[in-house]
Amino acid sequence: MERYFQKDIETMPVEKIKELQSEKLVKQVKHVYENVPYYRNLMDKKGVRPEDIHGIEDLHKLPFISKSDLRETYPYGMLAVPLSDCVRIQSTSGTTGKRVIAYYTQHDIELWEDCCARAIVAAGGTKEDVLQVAYGYGLFTGGAGLHGGSHKVGCLTLPMSSGNTERQIQFMLDLKSTILCCTPSYAAYIGETLKEQGYKPEDNSLKAGIFGAEPWTEEMRRDIEKALGIKAYDIYGLTETSGPGVAFECKEQKGMHINEDHFIAEIIDPDTGEVLPEGEKGELVFTSLDKEAFPLLRYRTRDICVLSREKCSCGRTFIRMAKPMGRSDDMLIIRGVNVFPSQIETVLLNEGYAPNYRIEVDRVNNTDTLDVFVELLPEQLSDTTEGIVKMEKALSAAITTMLGIRPAVHLVPPKTIVRSEGKAVRVIDKRKLHD
Amino acid sequence: MKIRQLTVFVENKMGYLSEITELFAKSGIDMKALSIADTKDFGILRLIVDNPDFALKVLKDHGFLGTITEVIGVEIKNTAGELSKALTLLAEKGVNVEYLYAFLSGTKESAFVVIKATDNIKAETVLKDAGFKAINGLS
């Protein structure tokens, strides 16, 4: 028997969902137009007024919001309620002006946690479960979202945050965790560590894992499922739309159901902005229907994916999104952290290096690796290997401070970094993330 | 006692060393001594040549990264225990040796040793005072 967190909504007939979305959209556009001068200006420029929006069929008339709009309006420009009505912020990992701050009223927190609760129940969670949250806590939405969702379901919540694998394993075994929530690469790492310590998959009590915040393949899913003896569920979300839980997988493991009562998903041609029909590949765009404080309309996620309305055996009627198969900009997600090559460039310039570098990302034993190759300048040359290694370590530490993840830095002679058309080829992503 | 050493930074890849020796051969640069310190990623070539400034220019013109490093040169008698005597002396006086390499002098009686110390001036004084013979130029 399939269980749901909010059955009436999750199994609502498609026509009803669309009616609900239309009704909410009309109100939301009015709310944003009246309270967000920046977006009002975008609408005025496009010649669209709130009264032109009668339902979801008019959605395409609205202007898009992109990451650059969020940068421009940092920190308060997209806020649609008085600051005194907000109870929380969360933030993306970006650090060079790319940081996005999302605001939440209590209502916004509730709906976000409801979305996460739906994901937990879809993964088999009940109040009898012990749910271990090994996503990072703090500004990152991963920890907070699943933590709140776990409370709503009534699970015993273990707020572990990420890292300290020894302790994760101790609590997992001693307190018999049944559901693990973290990034897929961390789940794989925990699995390997358990194996190294001599544990078999059947020695833990886990039955399910809810993994997201970074791209992962079906192959990696099977590896994790085997290593931990669980069923692994994908979850999707982004800070701009709330956090994890915008979409979640059911037992079918065939795409993630988008919480359509709160979000409208569109697929557009990333070059022309034209809306594409269901089943076509394009950029995913989200409109928040219920959020009060930070209600983004037609936010371009840069994630390339496909939507499917095909009937699902789980009984949920929400449209499903396939795993994103790439990004339309230069952002890399490494170990769940957003990394922009420009951030690394900034560190190089600060540390007195030339901005000639190459980033190589790979995945070894299901863990992302980051290698940064940097050209050495003549005045920086040391006559000992220790001297060079010391410089590499110092640079690695500076980049770690900026990104939050540690790269291996390799200093190389000048002109050894391949340039195409005079410009260095900056990023080589060797990971096979998409089957 | 001071010697100007040519220091070159190279990737640890096949062919780099021969490229440099070939360049020197073409430019008529005579190599007196050569030592390599390497890791799996890169190598640091330390060279004593007859004309370090010219050699550096040749390397730079061909895209190599190099610099001149000051080291000291000492003549050591070609008998057992002589190098040990010099190093013990430096250690006693608190001079740390970062690296050294040795090569034959051309006679059977002595060898030349190139030393890079944390304090080259002090190392020089200590060795001179103990009667070691300095090598000043090699051209």
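Mentor: Before we start, one sorting rule: Ala, Val, Leu, Ile, Met, Phe, Trp, Tyr, Cys and Pro count as nonpolar, Asp, Glu, Lys and Arg as charged, and the others, Gly among them, as polar. Keep in mind too that this is a predicted model.

Trainee: Thanks! How do the residues of the lining of the second largest pocket divide under that rule?

Mentor: They divide into ten nonpolar, two polar and six charged. The lining has 18 residues, and those nearest the pocket's centre include A:Ile56 and A:Glu266. By the rule, Ile counts as nonpolar and Glu as charged.

Trainee: What makes up the largest share of that lining?

Mentor: Strand E10 of chain A does, with four residues. Helix H2 (14-35) of chain A also supplies at least two. The space in this pocket comes to about 450 Å³.

Trainee: Now helix H3 of chain A. Which of its residues are buried?

Mentor: In H3, which spans residues 37-46, they are A:Tyr38, A:Tyr39, A:Leu42 and A:Met43.

Trainee: How do you know that they are on the same side of H3(A)?

Mentor: They cover an arc of only 135° around the axis, so they sit on the same side of the helix.

Trainee: Why is A:Ser288 called buried?

Mentor: Set the value against the cut-off: buried means under 20% relative accessible area. A:Ser288 has 1% relative accessibility, so A:Ser288 counts as buried. You will find A:Ser288 in strand E11 (residues 282-288) of chain A. Leaving out residues up to four places away in sequence, A:Ser288 touches several others, among them A:Gln28, A:His262 and A:Leu297.

Trainee: Last topic, the two chains. How many residues does each chain bring to the contact?

Mentor: Chain B brings 21 residues and chain A brings 17 residues. Between them about 1,400 Å² is buried, and carbon and sulfur atoms give 71% of that area.

Trainee: Which residues in chain B lose the most area to chain A?

Mentor: B:Phe9, B:Phe42 and B:Leu65 do, and together they make up 40% of what that side buries. By the sorting rule, Phe and Leu count as nonpolar.

How values were computed. Residues are numbered from 1 along each chain as its sequence is written. Chains are lettered from A and ligands numbered from 1 in the order in which they are written. This is a predicted model: local features need pLDDT of at least 70, side-chain atom pairs count only at pLDDT 80 or more; totals for chains, interfaces and linings use all residues. Side-chain values use heavy atoms; hydrogens and water are left out. On a 1 Å grid over the protein atoms alone, a cavity is a set of points where a 1.4 Å probe fits but cannot get out, and a pocket is an open set with protein on both sides within 12 Å along at least five of seven lines; lining residues have an atom within 4 Å of a point. Grid points are joined across faces, edges and corners, and a volume is the space filled by probe spheres set on the points. Buried means under 20% relative accessible area, exposed over 50%, partly exposed in between (1.4 Å probe, protein chains only). The arc is that of the directions from the helix axis to the C-beta atoms. Contact means heavy atoms within 4.5 Å. Buried area is the accessible area (1.4 Å probe) that two parts lose on being put together, summed over both.
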